[in-house]
Amino acid sequence: MEEDLRILTKNINIEGLTGIDIYLYSGGYRGLRKALKEMSPDEIIEEVKKSNLRGLGGAGFPTGVKWTFLPRETDKPRYLAVNVDEGEPGTFKDRYLLLNNPHLFLEGIIITCYALDIHVAYVYIRGEYTKPARVLQKAIEEAQREGILGKNIYGKGFDLDLIIYKGAGAYICGEETAMLESLEGKKGWPRLKPPFPALRGLFDCPTLVNNVETLCFIPMIIDMGGEEFARIGREKSGGTRLFSLSGHVNRPGLYELPLGIPLREIIYEYGGGIKNNNRLKAVIPGGSSSPVLKAEEVDVNMDFDSIAKIGSMLGSGAIIVMDEYTCMVEALYILVRFYAHESCGQCTPCREGCGWMEKVLKRILKGDGRIGDTENLLRIAANILGNTICPLGDAVALPVQSFINKFRHEFEYHIRVKKCNIESKYPFFID
Amino acid sequence: MHTLTIDGKEIRVERGTTILEAAKKIGIEIPHYCYHPGLSIAGNCRMCLVEIEGIPKLQISCYTPVSDGIKVHTRSERVIKARQAILEFLLINHPLDCPVCDQAGECYLQIYYMRHGLYNSTFLEDKVKKKKALVIGPTVILDSERCILCGRCVRFCDEISKSSELGIFNRGDHSEISTFPKKELNNKYSGNVVDICPVGALTDRDFRFKCRVWYLKEKPSICPGCSNGCNIWIHYNVDRTYKAEGKRVMRIKPRFNEEVNKWWICDEGRYGYKFVDDNRIEKPYIRQHGKLIPVSWDMVIEKIAGLLKKYPPKSIGIVPSPQCTNEDNFVLKKLFSEHLGMKNIDYRVPSQLNVYSDDFLIREDKNPNSRGCEELGLFPKDKGLELKDMLREAKNKKIKILYLMNHDLVKKMGREEVAFALSSVDSLIFQGTNFNETVEFADFLLPSSTFAEKDGTFINQSGRVQKINKALEPLGDSLPEWKIFVKIARELGIPVEYGDPEEIFFDITKEISSFLGLSYSLIGDEGINLY
């Protein structure tokens, strides 16, 4: 194990950290004071660029660059819309941050808004996150009392209002433009792009959309300086990030680790290895939408570029570990069922294709597979891939392709022998 | 301007043009469902995907604007495969019930499958079940299983009728078009959603199961329902009269005209065609002993010519109709005003109270040709009497003959208002298309043809001259008005002789200054503005 490089979760065990007094006492809002009192907005943006921080919602786009997409000259208000519709299966990092360190989140929001001349920020929280929403609301009220939110923050003439908006429970509202639609009170349907939200986002105004974890890094970047922050991780992916480790490991949970750490180390050292000393079969490295890895691929380093090289992605940092007793047909069925349920239904390939693949997989699992089903699944996935309005289509197509291509023998066995080749020790999921 | 190539053909188009529109300009059809030129872009059907060199993903051509130098392919192997895939997706949950579907024959699932599909189905699963044959309003029935969720109808109700009754509910392959709770699809333009539905999801309650579309013939025409002059198609069937109880006009569809009605018509116009086949006056009649007796044209013309000779012009009132064509009214003017010297001519019958109108297509004046009457000068001059004075003088026994063209005075002005005047004249001549309450007072009935049964021109409220075309033979013995006037003129030995409306129009352009420079062929199918 490396030395403790934790940034976001460094103080997480301090009792009462969710209250503003303890947060201030433990050094909180230092980044904000520095930003507002010593730095110009441009200097803040420059530091964020230097930090190599990349968006941690899933897409991994460089944060500083994204910030500069907001037009400087505009007669419209600009907005920040924070995406807390954390819905990617396997992911629980944003929830953890909100529950345990809400003021760090607020601090990140305020610095960001100051840097980009934003005076209204929305926090879009998924409907199931009732407790995180409560904790955040309390933190907002505390910050308002302290004069850290509201009018004339720190006497710098900077105003910021923060509004919590709760979603109604749709995975698709985590897609940024669907989230904006939902924020506007409409059905959560992704928009056609371009225009991107930076130009025409919420209420048709320039809008920055960032993830919770991304924003939580901002105070630290300001505090320690962008260059120093960048040195923590590897080149082009600065700093640490939160990994949501789940599945058949001995110590599942949330781990903040430097970018670039080998996947094997996360599973075997931090996660304590596979349960019951079973053999590892497969790992989903970055949330359910990322292509699955085989056991022999876990020596990959967990940074954006290394993992892209072996055909998967870091995504939301959710690592789902599957041992030798996992039926990959069933695992894929569970995934596809999720996407079929969550497809918004707006565009044809995803709306029809997800449901179709779900039905085929279910049929195979029920022992009624036909020769050609695997080829057909691959064909359906290929017909969805790249042809949809939003990335949800790709998010279902990529797992289907990777599961079948990497574990084809299991699918073929199911189809030919009408049962599983694995003595699964886990309860059968199919209804 | 941008220069690009589509399938190897070079084209220059304005900035901001989409690839789909640019392709259309050079005759390349890119299949599409959700795109409609009159609605906002939804980009959801994905049928119009095209390949652009240098861009890895296929792009939807309905949304992607052209840019300089791009090379677009609409028939590459990738594009053809993607189209087949989209069609396959659209059809997996579709019930494939073409034999009992009213849309069959004009369904874009059928059309595109034959042009771009032709794959073999690999779908073995159970289809998603949805609501069928659901009445969603007075004019439209919804079959959700046939729906491809292009959302055109939803956008129409949001953007054009601005009534927002429709939405898409549920998610994924359980998504369904429906009305919002406690709402029905009921607005002045509701029938248009059937026209723009590319499949059999929304069908017209009026037209449903009346006639297979391949038995329909069509003629371009103008809606006679108000002074807006919306361009329409008359869809008719005269070969299978044993269907639909012998009715000939099956439905009215809007006909695109950028300057007048774009792609739309109102429901009043769409469903207002029934008078063409219902309750028609099919023969000339003369009242004898209180009863209307059918007679021959020769007999009735002889009688009317006799009246016109007998009574002095001062005692005769003529009420031309803004429902009639310019050609009808021009011949009327020639005969009655120029040759017979009558001055009591007034087309201006007050319209009914409380008629609906709006700032879109529906006008308060429910006549298609008031402007034409105005241009021809069919109002009293040189101390001639206005309509209300004619009615007053009828009561005073000064007006003895009243010649009404198609005006249901009883309905429009009220029975109390007109009954005494109408019964006081020596002879009431009613020349029109349908029986009505005013007919009760008539001594002579002359059957005239409807707009669907004759050629001619109307001028709409903005001064646009537009052509109607004869789709059907005049029903029974009915005749176009101008022919009736020519018959009367012949009987009277007056030289008013015409062979067809084009000839009449030629004379109009010579004699009426605002028509100067126009010709029948110049009007074309889109109409032309008065000078």
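1. You'll find Y29(A) in the loop between helix 1 (20-25) and helix 2 (30-38) of chain A. Helices here are DSSP runs of H or I with at least four residues, strands are E runs of at least two, and both are numbered from the N terminus.

2. A word on what we're looking at. This is a predicted model, where local features need pLDDT of at least 70 and side-chain atom pairs count only at pLDDT 80 or more, while totals for chains, interfaces and linings use all residues. Residues are numbered from 1 along each chain as its sequence is written, chains are lettered from A and ligands numbered from 1 in the order in which they are written, and side-chain values use heavy atoms, with hydrogens and water left out.

3. Chain B has its own positive phi: L96(B), a residue other than glycine, sits near 55°. The loop between helix 2 (77-92) and helix 3 (108-117) of chain B holds L96(B).

4. Back in chain A, do look at the prolines. The peptide bond from K193(A) to P194(A) is cis, with omega near -10°, and another cis peptide bond joins P194(A) and P195(A), with omega about 5°. P194(A) lies in the loop between helix 8 (176-183) and strand 5 (207-211) of chain A, and P195(A) is also found in the loop between helix 8 and strand 5.

5. Now the surface of chain A. F61(A), V65(A) and F69(A) make a nonpolar patch of about 260 Å². Patches are built from residues with over 30% relative accessible area and no salt bridge, joining like charges within 9 Å and nonpolar side chains (Val, Leu, Ile, Met, Phe, Trp, Tyr) within 5 Å. A salt bridge means a side-chain nitrogen of Lys or Arg within 4 Å of a carboxyl oxygen of Asp or Glu. F61(A) belongs to the loop between helix 3 (41-50) and helix 4 (63-68) of chain A, and F61(A) counts as partly exposed because its relative accessibility is 39%.

6. R95(A), K131(A), R134(A) and K166(A) form a positive one, with K131(A) in helix 7 (residues 130-145) of chain A. On chain B, D455(B), D500(B), E502(B) and E503(B) form a negative one. Lys and Arg count as positive and Asp and Glu as negative, leaving out His and the chain ends; each charge is placed at NZ of Lys, CZ of Arg, CG of Asp or CD of Glu. D455(B) sits in the loop between strand 19 (444-447) and strand 20 (456-459).

7. As for chain B overall, it has 15 helices and 22 strands, and its C-alpha trace spans about 85 × 50 × 40 Å along the principal axes. Of its 531 residues, 59% count as buried. Chain B carries 76 positive and 73 negative side chains, and the centres of the two sets lie 1 Å apart.

8. Beyond its neighbours within four places in sequence, N406(B) is in contact (heavy atoms within 4.5 Å) with residues including S321(B), Q323(B) and F430(B). The C-alpha atoms of N406(B) and P320(B) are separated by 8.1 Å, though the two residues are 86 residues apart along the chain.

Definitions and conventions:
Accessible areas come from the Shrake-Rupley method with a 1.4 Å probe; for residues, only the protein chains shown count as cover. Buried means under 20% relative accessible area, exposed over 50%, partly exposed in between (1.4 Å probe, protein chains only).
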